[in-house]
Each structure stands twice: as structure tokens, then as C-alpha cells.
Amino acid sequence: MTNIYAVILAAGQGTRMKSKLYKVLHPVCGKPMVEHVIDQISGLHTEQIVTIVGHGADKVKAQLGERSAYALQEEQLGTAHAVIQAEPMLAGKEGCTLVVCGDTPLIQTSTMEALVKHHVETGAKATILTALAEKPDGYGRIIRGADASVSRIVEHKDATDEERAINEINTGTYCFDNKALFDALKNVSNENVQGEYYLPDVIEILKAAGEIVSAHQTDSFDETLGVNDRVALSEAERIMRARINEQHMRAGVSIIDPLNTYIGSDVEVGADTVIYPGTILSGKTSIGIDCVIGPNTEVSDCAIGDRTVIRQSATFNSEIGADVNIGPFAHIRPESFIHDEVKIGNFVEIKKAVFGKGSKASHLSYIGDAEIGSDVNIGCGSITVNYDGENKFLTKIEDGVFIGCNSNLVAPVTVKKGAYVAAGSTITNEVPEEALAIARARQVNKENYVQKIFSKND
Ligand code: UD1
Ligand code: CA
């Protein structure tokens, strides 16, 4: 098998994005475009991957880490100039070099594999991946000769009206004979409308030298979409979203309305889970089997056990066990650990709290900086008073405790095992095991008070 090297072009600023964020770092379904590209290249068993960085080099390197080697393109003089930066790492190597743009996030391993196969079989020095585009504007056009073989690529900006009418486009993915690539790059000039060194010019140069140049046309234009602006970014997002949702559905997840369900690239969902419309699952989220998520629910960076139900709620960076019932309208904030069989009902906010097995906060509570044991019942409207304006303090509620409605637990405070807190209490001191704490004013009834007021006014 031929050695395969890969070069990812990722040095551009992406002016057309009109963004402070470097183009290839813009996320598609939660993952930067360039990372999608490297994920798919990684499926190819390459000898080496070199990413060309320039604008935002440090950020791109931090994102991809050790998955790639890097070459710095200090000035962005064009795609051919970008590839030349990889020469110190790749020159003289036997094998073929795939060049992929960091702004084509939808490209798939199988398509690159087919491109390499075609390249090897045709004995070409260069093979271009082409596609038919409904709206080819902005792309380089494939110019074929009388014998239908590719003779050159013309950039949209340099093309005549006749050439612009061609809808076969250069996808920006190529496979080259490694040595022929670096030899030909030396002859690329920048005499064109943009004054840039164009990588596609290598095709014409090799052809003129009598080498075989071939083209592999993919029937999936979608996969080759180049993202240059926010409109294309949203298009890429739509296509990627459909792809991700389809994978989950094929793996046994029910998605009621895939057009209205947003699942990130790295999210895992177990079989027989049902996802209702308006749900956003993002980050490193994993969801067990037989769960019900949504409608209108956001789950970000959470691990969720089996058979858990989360309705109309938002949960962030937390662990949630099995058979848990959350919502509607609950908010689980970061660093919460919700054990199995817990119930978090409507208008309950949880922050940095542990909830032991089988515990409940069914209505209208705020539980922050707290350790709740198992089988605890937190009555409606009860809250932890965790903040004195400067510092946060811990509330501990041990196993089997019953907190009556509308209680304030002023932290730091502990309610010991099996204790009861009477409704309306403001607890400032430890409650001993199995005690009943009542901390509220006694009721006073003033007999006939109302009548007295009215008689005075007469
Ligand atoms: C490029 C192709 C075009 C093709 C299209 C496919 C050229 C000249 N044109 O056009 O034929 O149809 O992709 O999407 O190659 N980059 C660098 N350094 C540079 C310039 C660009 O690293 O000096 C990187 C960019 O970050 C980007 C990629 O190369 O990831 C492509 O550059 P871009 O400016 O987007 O090229 P297009 O105009 O889209
Ligand atoms: Ca582009």
C-alpha cells in the first residue's frame, strides 16, 4: 500500500466570516471545522499529518494538539504557498499527499479513500476531487479538454463568463504524488486577479509536463461544501446535523423531529431513548438507554444514566444517574451529582450539589453548595442560604431528612440523619438526629380584631 501524507490548509484569517474567531475554528455542530477534517483524515492511516497554520496559529495548535505536526505560513500568499510550508517535513518522501482545506468540515473518510484509490489506479501525479454544484459561485471551475480529461482549474474571480457557466467545481481536496507536488509548486506564479499563489495551478503545470492528471467526481456536493462565510456555515451545520441525527436514529434512538433537534458531534445516546423537539445536546454529553429528553431541553457536558426523564429543562456539566426525573422547568448548574431515582421538579435550581439516591426536591427550590443524603424530601419553596455576600458555605442534609415547605437553611449548617424541619423555619444551627426543628414565630390570633378596626372607622 502507498504511504499517505496529509496536509491541512488552515492558515487563513477567513475575512469573509467577519469574525474575531479564525475561520477554521468556527464550530459546526459544536466542533471546530478543522477538527472535523482531522477526525476524518485520521480514519485513513496516514504516515503524517501536517497542518499549515498562520492566523491564530497558537489557537489552532491548542485545538488539534499532538494529532498533527505544524508548519507556519507567516504571510498568507495563497494555497500553493501554504503547501510549500510543509516541504521541510515532506520533501523527498515516497507516496501520495492528500491536501484538504480546513474549511471543508463535511468531507468524509470514505470519499478521501475513494480519491486515493482512484489516484493510485490511474497512475496519476495529481487527482482532484470534483463535484457538481448547483450554485458554483466562488469555487474554482474544472476545465476539461477535448478528450474530457482535466486540463486546468480556473478560480471564480479569474474566470470568463463562459467558464463561470461550468458547474463542475474544485472541492479543494486533492491527492498528489508527493515528489511531483513539491517540484511543481516551485513553478506556480501569482499572476492572477488576487495576486496569490494558487495550488490548483499545479494541475496545469503537471499537465504541461506531460504527466497524468485525473479527476475523481464525488456525487455528494454536500460533503465538499467550503465554508467561507456565515451563510455557508449555517448550511454546513444543517447538513452535519442531519448526518448526526441519522446516525443516532440508525443506532436505535427515536428523534421525533430531526429538523428541530440539535446534537453535538461528540454526544452519545443509548438505544430506545426518545428525543423530543427543541432539544440541544452538546459538549461531552452521554445519555443512557430508554431515556426521555425534551421537549425544549438543553443538556451540555452531562453524563446521564438509563431511563432518566428530563423535560423542558437545562442541565450543565453534571452527572445525573438512572431513573431520575427532572423538570419541567428545572435548572441543573455545573458540578452537581444527582444519584439514581432522584426527582427534581418544576422551578428547582441545583448548583454544585450532591443529591443522594431517591431524594426529592419537587417544587420551587434553590439548592446550592449542598450535600443531600439519600431519601431526603425537600419541601416546596425551601432553599439553601449559601451566600453571605462574600463567601459560599455548605449545607449538609443527611439521609432520610424531611425539610418542611418554605424553609431557609442558613449555611454553614447540618441537618442530621432522620431529622424533621418544620415548615417555614429558618435554620441557623445544627439539627440533631431525628429531632424536629421549629424556627419560626408562634402564631398569635387577635380575636375580633377586624370588627374592632371597622367600628373605629364608623
Ligand atoms: C479554494 C480553491 C478553489 C476551490 C475552493 C474549495 C485556491 C486558489 N482555490 O478557494 O479552487 O474551489 O477552495 O473550497 O486554492 N489558506 C492558507 N493559506 C493561504 C490561503 C488559504 O492556509 O495563504 C487556507 C485557508 O485557511 C482555507 C483554505 O486554505 O482553509 C482555502 O482557502 P480559501 O481562501 O478559503 O480558498 P477558496 O477561495 O475557498
Ligand atoms: Ca474556502
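Asn 228 sits in the loop between strand 11 and helix 9. Helices (H or I, at least four residues) and strands (E, at least two) are DSSP runs, numbered from the N terminus. The model is predicted, so local features need pLDDT of at least 70 and side-chain atom pairs count only at pLDDT 80 or more, while totals for chains, interfaces and linings use all residues. Residues are numbered from 1 along each chain as its sequence is written, chains are lettered from A and ligands numbered from 1 in the order in which they are written, and side-chain values use heavy atoms, without hydrogens or water.

Asn 228 is partly exposed, at 21% relative accessibility. Buried denotes under 20% relative accessible area, exposed over 50%, and partly exposed the range in between (1.4 Å probe, protein chains only). Leaving aside neighbours within four places in sequence, Asn 228 contacts Arg 16, Met 17, Lys 23 and Asp 103; contact means heavy atoms within 4.5 Å. The side chains of Asn 228 and Lys 23 form a polar contact at 3.0 Å. A polar contact is a pair of N or O atoms within 3.5 Å; within protein, one must be able to donate a hydrogen and the other to accept it, and residues adjacent in sequence count only if both atoms are side-chain atoms.

Which residues coordinate the calcium ion (ligand 2)? Asp 103 (OD) and Asn 228 (OD1) do, at 2.3 to 2.4 Å. The two come from distant parts of the chain, 125 residues apart: Asp 103 from the loop between strand 6 (96-101) and helix 5 (109-122), Asn 228 from the loop between strand 11 (213-218) and helix 9 (230-250). Donors are N, O and S atoms within 2.8 Å of the metal (3.2 Å for Na, K and Ca); water is not among the atoms, so sites may look incomplete. Asp 103 is buried, with 12% relative accessibility. Beyond four places in sequence, Asp 103 touches Lys 23, Val 24, Met 33, Leu 225, Gly 226, Val 227 and Asn 228.

An unreviewed UniProt entry lists Asp 103 and Asn 228 under "binding site". They are spread over 126 residues of sequence but cluster in space, with a largest C-alpha distance of 7.3 Å. UniProt positions follow the numbering used here, feature names are shortened, and annotations may be inferred rather than shown by experiment.

Ligand 1 is surrounded by 25 residues, the closest being Gln 73, Gly 78, Thr 79, Glu 155 and Asn 170. A residue is near a molecule if one of its heavy atoms lies within 4 Å of it. Strand 10 gives the largest share of this shell, three residues. Strand 1 (4-10), helix 3 and strand 10 (168-177) each supply at least two. A polar side-chain atom of Thr 79 lies 2.7 Å from an oxygen atom of ligand 1. For a side-chain N or O atom of Asn 228, the distance to a ligand 1 oxygen is 3.2 Å. Alone, ligand 1 exposes 750 Å², of which the protein buries 91%. Accessible areas come from the Shrake-Rupley method with a 1.4 Å probe; for residues, only the protein chains shown count as cover.

His 81 belongs to helix 3 (residues 79-84). This residue is buried, at 18% relative accessible area. Its side chain reaches the backbone oxygen of Glu 75 at 3.4 Å.

His 363 carries the "active site" feature in an unreviewed UniProt entry. It lies in strand 28 (residues 360-372) and is partly exposed, with 37% relative accessible area.
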